[in-house]
Amino acid sequence: MTIAEATQIYEIILSSKHKSLSKALISAAVRYARLRVDWYVSDIEKKNEIDAERTIVHNAFISSCDILSRNMQQAGESNS
């Protein structure tokens, strides 16, 4: 994904009428990104400690994406 594509997606998220869901998605994305960086720079022992939480945070992020997407679609908004 390019920066331009990511920016376009971000702008679509921000333009949604579902402000609380948009905010929740962005928060989940930032939390997951932060945890991925921590995981990436950790040694194998720390990675093993982080793995379970990383999976939970990843799944929460995906759920946030799905929830916002469904609500945007129901409201007639673009969720592409």
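Predicted model: local features only at pLDDT ≥ 70, side-chain atom pairs only at ≥ 80, totals over all residues.

Colleague: Which helices hold Tyr32 and Phe61, and how many residues apart are the parts that the pair ties together?

Modeller: Tyr32 belongs to helix H2, whereas Phe61 belongs to helix H3, which covers residues 44-74. The pair therefore ties together parts of the sequence separated by 29 residues.

Colleague: Is Tyr32 buried or exposed?

Modeller: Buried means under 20% relative accessible area. Tyr32 has 17% relative accessibility, so Tyr32 counts as buried.

Colleague: Which residues lie over the face of Trp39?

Modeller: Lys47 lies over this face at 4.5 Å from the ring centre. Arg54 also lies over the face of Trp39, at 4.7 Å from the ring centre. The residues asked for are Lys47 and Arg54.

Colleague: Which backbone oxygen does the side chain of Ser22 reach?

Modeller: Ser22 is placed in helix H2, residues 19-40, and counts as buried because its relative accessibility is 4%. Setting aside residues up to four places away in sequence, Ser22 touches Ile13, Ser16 and Leu68. At 2.9 Å, its side chain reaches the backbone oxygen of Ile13.

Colleague: Which element gives the most residues to the lining of the largest pocket?

Modeller: The largest pocket has a volume of about 180 Å³, and its lining includes Ile13, Leu25, Leu68 and Met72. Helices H1 (3-15) and H3 are the elements that give two or more residues to this lining. With four residues, the element that gives the most is H3.

Colleague: How far apart in space are His18 and Asp43?

Modeller: His18 lies in the loop between H1 and H2. Apart from neighbours within four places in sequence, its contacts are Leu68, Asn71, Met72, Ala75 and Glu77. His18 and Asp43 are 25 residues apart in sequence, and their C-alpha to C-alpha separation in space is 40 Å.

Note on methods:
Residues numbered from 1 in each chain as written. Heavy atoms only, no water. Buried < 20%, exposed > 50% of the residue type's maximum accessible area, 1.4 Å probe, protein only. Polar contact = N/O pair within 3.5 Å; in protein donor to acceptor, adjacent residues only side chain to side chain. Contact = heavy atoms within 4.5 Å. Lys NZ or Arg CZ within 6 Å of the ring centre and 35° of its normal. 1 Å grid on protein atoms, 1.4 Å probe; cavity = no way out; pocket = protein on both sides within 12 Å on 5 of 7 lines; lining within 4 Å. Points joined across faces, edges and corners; volume = space filled by probe spheres on them.
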